[in-house]
Amino acid sequence: MDFVEQLKEKAKAAGKKIVLCEGEDKRVVEAAAKIVREGIAKIILIGNAEECKRVAPEVDTSGIELVDPATSTNIDKYAEILFKAREGKINKKTGAPEYATVEDAKAYLLKDRTMFGALILKAGDADGFVSGACHSTANTLRPGLQVIKTAAGIKTVSSSFIMVAPQGGNKYIPEGVALLADCAINIEPSAEELSDIAIATADTAKKIAGIEPRVALLSFSTKGSGNDDKFFKSVPKVQEAVRLAKEKAPDLALDGEFQFDAAIAPEVGALKAPGSEVAGHANVFVFPNINAGNIGYKIAQRMGGWMAIGPVCQGFAKPLNDLSRGCNVDDIVATVAVTALQA
């Protein structure tokens, strides 16, 4: 059984209910039907029958719980939750309160399905949330940050991609699965944030991907071979992140800073970082910023043939995940399975 099938089987056993926010997207409707048909999860799809029929006329939506904000019997409950969660917050553009009254919050929910989905999750009417097929990452994560918020003790919300090797495997990743972070949320993370990302991604690797994490923090430098201290200080930042992460999680197999080849290839790791337990054997890769991370995962996906599951969000109080706008039906199904396992 391949990795994605294993995820699906585990999700089936979990029996969770996941809200999908984009009933106006053909891929999402098709994915929702497939998930319900295969028993991977129960689905709440934000939309209505007419809309689904228009974008995906061939899809059987029976078994999917369709929820239209305009006719929802829970709209007042969700508006009250939103109003209380954002009470006292000021709109930076207008200088006025975000929601002066519960009715204002209700009016907003009728326009913003992503926020409506987040309120379904916040209220406990679903176990997880997936959006982003036709909305930006910012539009998807904003409701999470505003109403779901971070888990207790967590400072940094981050993301990782679970990368699944193409058929035939990869000689450097014997498990057939690797994790890349942060490719979607933190643009230029500090050393402290990088250390949090490394630890959170290791946890995702163990709990969701089912692999024993060996974490490499990446750079254009390996163990001081390069230095940009005069101008950008990116190498010292990664070095400090390694130090902080080791302090926070001393039992975690984690090291750096590494160039990618030193992190993944045993012969290069032994040459450039002799004595490191991670060099040449990493399966979790933490990039120094979003430029490197986003480019890196898309090269692996498009040129290397790796399947990218995610971004898997890390640090929210409840499972909330963002899709790439370039996703396909199988990507959505896999992300829903991951979300169910986070619940």
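Where is Thr156 found? In this predicted model, Thr156 sits in the loop between helix 7 (137–148) and strand 5 (158–164). Thr156 has a relative accessible area of 10%, which is under 20%, so Thr156 counts as buried. Its side chain makes a polar contact with the side chain of Asp196 (2.9 Å). Beyond the neighbours within four places in sequence, the residues in contact with Thr156 are Asn186, Glu193, Asp196, Ile197, Gln314 and Gly315.

Two packed helices are described by the angle between their axes and the distance between the axes. For helix 1 (residues 3–14) and helix 13 (residues 329–342), the axes come within 9 Å and cross at roughly 50°. The two helices are therefore oblique to each other, and the crossing is left-handed. Helix 1 contributes Val4, Leu7, Lys8, Lys10, Ala11 and Ala14, which meet Val333, Ala334, Ala337, Val338, Ala340 and Leu341 in helix 13. The residues of this contact divide into 10 nonpolar, no polar and 2 charged.

Most residues other than glycine have a negative phi, and most peptide bonds are trans. The table lists exceptions.

| Site | Value | Location |
|---|---|---|
| Ala181 to Asp182 | cis, omega near -20° | Asp182: loop between strand 6 (177–181) and helix 8 (191–209) |
| Gly310 to Pro311 | cis, omega near 10° | Pro311: strand 10 (residues 307–314) |
| Lys223 | phi about 50° | loop between strand 7 (214–218) and helix 9 (234–248) |

Lys149 is partly exposed at 37% relative accessible area, and Lys223 is partly exposed at 42%.

How values were computed:
Residues are numbered from 1 along each chain as its sequence is written. This is a predicted model: local features need pLDDT of at least 70, side-chain atom pairs count only at pLDDT 80 or more; totals for chains, interfaces and linings use all residues. Side-chain values use heavy atoms; hydrogens and water are left out. Helices (H or I, at least four residues) and strands (E, at least two) are DSSP runs, numbered from the N terminus. Buried means under 20% relative accessible area, exposed over 50%, partly exposed in between (1.4 Å probe, protein chains only). A polar contact is a pair of N or O atoms within 3.5 Å; within protein, one must be able to donate a hydrogen and the other to accept it, and residues adjacent in sequence count only if both atoms are side-chain atoms. Contact means heavy atoms within 4.5 Å. Axes are lines fitted to C-alpha atoms, for helices over the stretch in contact, and angles run from 0 to 180 degrees between N-to-C directions. Angles under 35 degrees count as roughly parallel, over 145 as roughly antiparallel, 65 to 115 as roughly perpendicular and the rest as oblique. A crossing is left-handed if the near helix is turned anticlockwise from the far one by less than a right angle, and right-handed if clockwise. Ala, Val, Leu, Ile, Met, Phe, Trp, Tyr, Cys and Pro count as nonpolar, Asp, Glu, Lys and Arg as charged, and the others, Gly among them, as polar.
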